[in-house]
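The following exercises are to be worked with the sequence and the model side by side. Each task is followed by a solution in steps.

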Amino acid sequence: AIKNIKIDKMISGDGRKALLLTNPEGWIYPATIFPTVSLDDADGYSVYRNLGLYGATPASYSSTHNQYYVGDGTWWFMTPSGAVTGAWWRLKAVGSAADGGPLYSGDLIPPSDQSPYDFGEAWPENTVGGTNPGPFGSDYWSHFVPDRWGRYALFGNGDTNPIGPGVWDIANHIYSVETFGGSSQHHDWHGFTDYFVASEGRGGFIRSAKYNDPNSMFNVSSSYTRYDGGTSYETLTRPGQSPDGTKVSWHSEFLNGQNMPDVFWSVVYYPYPPTDLGAASAAGSGVALSFLPPKYTNRRWIDPATGKIDEVNGEVLYAREIKQYHVWRSASSTMGWDTVGTVAAEY
């Protein structure tokens with residue numbers, strides 16, 4: 001029996017895969033959880049992968065400082081414990097190493113660290129310094145969070161000017177936006193939306209921005225933090241994004257002590273109006289209205305034909321937080337509106 005399982009951040013973005021991490025043994029068991037539950041590697045493999053010296057990663061380690069399963073579950077990301085300047089590694093969930101884990105082939109050791117790269121099964125996607133600096137020139141990723149698709153990575157980029165969250169295009173190994181400014185501490189991007197949320201430590205601000213627009217960042221709310229006479233590190237604001245990204249949950253050191261947790265919600269942006277509104281004469285008398293729900297991204301989701309995330313051919317991501325639509329009527333286009341009914345949202 002597998003015991004002491006940790007699944008923190010180890011469920012794939014599409015919810016179909018999980019990496020079971022034993023604690024404190026540091027053993028990985030790739031598993032499918034939908035549509036049929038099974039272990040993809042029944043014997044599992046050690047989290048220690050004998051990785052190279054990138055970003056001052058120690059030659060020997062036995063645990064990860066942080067980790068994330070991304071996208072459709074093909075890849076997962078982790079940074080080893082003890083790294084001075086942490087390298088984030090992209091690892092295949094099931095690889096060709098003798099134990100079934102991802103195999104590190106050392107292809108980035110000079111002089112073979114030039115394009116074109118083969119990207120193997122174990123790859124230092126981000127490094128800053130170390131014996132072999134990474135080839136892409138990305139700065140240190142603080143509090144790395146992938147998007148739902150596993151395509152972009154959101155992180156606090158402390159080496160840019162002005163400092164602030166940045167977004168890395170994992171597929172193309174370039175910045176989508178190097179920095180939005182405004183500083184950042186913790187992030188969340190679990191919504192099906194182009195917008196993420198980020199908190200700023202010392203001022204307690206929660207901000208949001210569009211992943212590919214460097215000028216889109218705006219303040220959502222603010223609260224006191226432990227830097228303002230508060231208590232412990234655990235009380236630093238950690239925002240949580242709603243599925244549509246219209247709301248963010250957070251806790252406030254202004255009101256909670258270390259032993260008195262609380263949860264508040266702030267509106268990030270109001271729900272968008274329906275789209276494709278149409279009207280036609282109904283049988284007898286009246287008007288038949290038709291419309292589609294709004295959406296907060298043009299990126300698509302899972303293609304039913306393949307069961308895979310497909311940003312181009314997958315299903316359209318319509319809003320999923322709306323409870324009902326209200327219908328008004330007026331003889332004037334500018335005044336005198338009266339509610340004539342409501343329509344429950346369908347999904």
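Strands (E, at least two residues) are DSSP runs, numbered from the N terminus, and two strands pair if DSSP finds at least two bridges between them. The model is predicted: local features need pLDDT of at least 70, side-chain atom pairs count only at pLDDT 80 or more, and totals for chains, interfaces and linings use all residues. Residues are numbered from 1 along each chain as its sequence is written, and side-chain values use heavy atoms, with hydrogens and water left out.

**Exercise 1. Determine the order of the strands in the open sheet that contains β12 and β13.**

Step 1. The sheet has four strands, in the order β10-β11-β12-β13, with antiparallel pairing.
Step 2. β10 (142–146) and β13 (174–177) each have a single partner strand; they are therefore the edges, and one side of each lacks a neighbour in the sheet.
Step 3. From one strand to the next, the twist averages 30°; axes are lines fitted to C-alpha atoms, and angles run from 0 to 180 degrees between N-to-C directions.
Step 4. Strand β12 (residues 164–169) is joined to β13 by three bridges. Asp 169 has Ile 174 in β13 as its bridge partner.

**Exercise 2. Classify the ring pair of Trp 189 and Phe 196.**

Step 1. A pair of aromatic rings is described by the distance of the centres and the angle of the planes.
Step 2. Rings of Phe, Tyr and Trp (its six-membered ring) pair if their centres lie within 6.5 Å; planes under 30 degrees apart count as stacked, over 60 as edge-to-face and the rest as tilted.
Step 3. A search of the whole structure gives 22 aromatic pairs. For Trp 189 and Phe 196, the centres are 6.1 Å apart and the planes lie at 65°, so this pair is edge-to-face.
Step 4. Burial is judged by relative accessible area (buried under 20%, exposed over 50%, partly exposed in between; 1.4 Å probe, protein chains only). Trp 189 is buried at 0%, and Phe 196 is likewise buried at 0%.
Step 5. Elsewhere, one aromatic cluster is formed by Tyr 68, Phe 77, Trp 88, Trp 141, Phe 144, Phe 155, Trp 168 and Tyr 175.

**Exercise 3. Is Gly 201 buried or exposed?**

Step 1. Gly 201 belongs to the loop between β15 (195–199) and β16 (205–210).
Step 2. The relative accessible area of Gly 201 is 4%, so the residue is buried.
Step 3. Ser 183 is 18 residues from Gly 201 along the chain, and their C-alpha atoms are separated by 8.1 Å.
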